[in-house]
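Colleague: I am new to this structure and would like to go through it step by step. Please show it here.

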Amino acid sequence: MLAPRDPDEYLLESERRVIRVRRHWASMLWDIFEATALLVGLMLISGLMPPGTALIQNILWYAGLLVVLRFSYYVIEWWVERIVVTDKRFMLTTGVFETNVAMMPVTKVTDLTFRRTLMGRFFGYGTLVIESAGQIQALNKVEYCPNPEEINDAISELVFGDKKAQSERFSMMKARRAALGRRRVGARR
């Protein structure tokens, strides 16, 4: 009830999921550094305090607890955020308490730019810039994509590839799923 919905629940029966990933863990490097630095700083200040300052010690430890809770929220937020690409649209689902689903139809894509910085090469992430037909869409820049070459290739094939071969492949997958008697995830409500 309070848990965020699975991104697959937003898919239509006629859609085929191509990619479903969360952002690379490197997107949290600054949060990790910040939480670690604050906790180390609080522990150093606590260790340097004179013995008779129990009130200040308690305040410092409660501040440390707030830092840990804040960092935990960022980890949960990263965990529930998903990048989903189907044969019909791009989706980015975010939010722990309030869900936000940004979408862009695949048919609107006119250009796909792939960038990878030196840090991105080292850690294994990249940035995809998705441009649409003269409009600013809700989903135009996806940073910290894991396995960016594979994602770029899959999206390029989806957007600029052979549409007839894709539809035949989708029909074969749908027929196989029906033959095996599998139900779509999220069909039960």
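**Questions on the chain**

Modeller: This is a predicted model, in which local features need pLDDT of at least 70, side-chain atom pairs count only at pLDDT 80 or more, and totals for chains, interfaces and linings use all residues. Residues are numbered from 1 along each chain as its sequence is written, and side-chain values use heavy atoms, with hydrogens and water left out.

Colleague: How many helices and strands does the chain have?

Modeller: Helices (H or I, at least four residues) and strands (E, at least two) are DSSP runs, numbered from the N terminus. From that end, the order of elements is β-α-α-β-β-β-β-α-β-β-α-α. The secondary structure comes to five helices and seven strands.

Colleague: Is threonine 127 buried or exposed?

Modeller: Threonine 127 belongs to strand β6, residues 125–132. Buried means under 20% relative accessible area, exposed over 50%, and partly exposed in between (1.4 Å probe, protein chains only). With a relative accessible area of 14%, threonine 127 is buried.

Colleague: What percentage of the chain's residues count as buried?

Modeller: The chain has 189 residues. Of these, the buried part is 34%.
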